[in-house]
Every structure is written in C-alpha cells, then in structure tokens.
Amino acid sequence: MMEEEELEFVEELEAVLQLTPEVQLAIEQVFPSQDPLDRADFNAVEYINTLFPTEQSLANIDEVVNKIRLKIRRLDDNIRTVVRGQTNVGQDGRQRRKWIPVSLDVLSP
C-alpha cells in the first residue's frame with residue numbers, strides 16, 4: 001500500500017516538474033548552459049556512464065564526488081544570494097508603500 005502511495009507521489013511530482021516546450025526554450029535562452037544536468041532530457045544513467053565509462057575509472061569516484069559537492073555548495077550559495085536579494089526588494093517595496101499616503105497628502109491641494 002505504501003509503495004503505491006509513493007509511486008503516485010512520484011508520478012504527480014514528475015507531472016508538476018514537466019515544463020512546456022515554450023517555458024523550456026525561454027529558460028535556455030535566458031540561462032544558456034552546456035551542463036548536461038541542465039538539459040530537459042537529462043538522463044542520470046547516461047551521465048554516470050560518461051563520468052565512469054570503465055570500471056577502472058571508478059578509482060576516481062572520490063574526486064568526482066568532491067567536484068559535485070563543490071558544485072552543489074556553489075549552487076546553494078547562489079540560491080541563497082538570490083533569495084536574500086528578493087527579500088530585500090520586498091522589504092524596500094513595503095517601506096516605499098508606507099510613504100505613498102504621505103506623498104499623496106503632500107501632493108494634494
């Protein structure tokens with residue numbers, strides 16, 4: 001029973017995360033990227049196979065994992081910066097909104 005609920009949840013999540021081709025194109029135009037992780041048709045198995053094409057290449061797994069962790073940290077930092085910037089913009093807007101009635105009173109004859 002639990003597996004069915006989990007499967008339904010995953011299917012619903014995937015449906016929500018599917019972007020229309022128009023939205024995907026707009027994102028690609030605004031944020032061009034050569035990173036395979038950014039592709040709409042990203043395939044995790046293919047990506048892992050490119051990172052580790054042979055059994056011998058698995059010897060470098062620690063290095064690859066560390067690079068991915070660093071990339072995640074950078075992305076987290078970028079997200080944090082954007083969120084803080086949006087918070088500041090919202091606060092500035094609220095501050096300015098407080099002054100609107102005062103400004104209108106001054107401008108009114």
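Asp 77 is partly exposed, with 42% relative accessible area (buried means under 20%, exposed over 50%, partly exposed in between; 1.4 Å probe, protein chains only). The model is predicted: local features need pLDDT of at least 70, side-chain atom pairs count only at pLDDT 80 or more, and totals for chains, interfaces and linings use all residues. Residues are numbered from 1 along each chain as its sequence is written, and side-chain values use heavy atoms, with hydrogens and water left out.

Asp 77 pairs with Arg 80 in a salt bridge, with 2.8 Å between the closest N and O atoms (a salt bridge is a side-chain nitrogen of Lys or Arg within 4 Å of a carboxyl oxygen of Asp or Glu). Both residues lie in helix 4, three residues apart, about one turn of the helix. Arg 80 is partly exposed at 40%.

Helix 4 spans residues 61-107. Within this helix, Lys 67 and Glu 63 sit four residues apart, about one helical turn. Their salt bridge has its closest N and O atoms 3.4 Å apart. Lys 67 is exposed at 53% relative accessible area; Glu 63 is partly exposed at 46%.

A further salt bridge links the side chains of Arg 39 and Asp 41 (2.8 Å, N to O). Arg 39 is partly exposed, at 49% relative accessibility. The structure holds four salt bridges.

The chain has four helices and zero strands (DSSP runs numbered from the N terminus; helices are H or I, at least four residues, and strands E, at least two). Of its 109 residues, 6% are buried. The accessible surface is about 10,300 Å², 59% of it from carbon and sulfur atoms (Shrake-Rupley method, 1.4 Å probe; for residues, only the protein chains shown count as cover).
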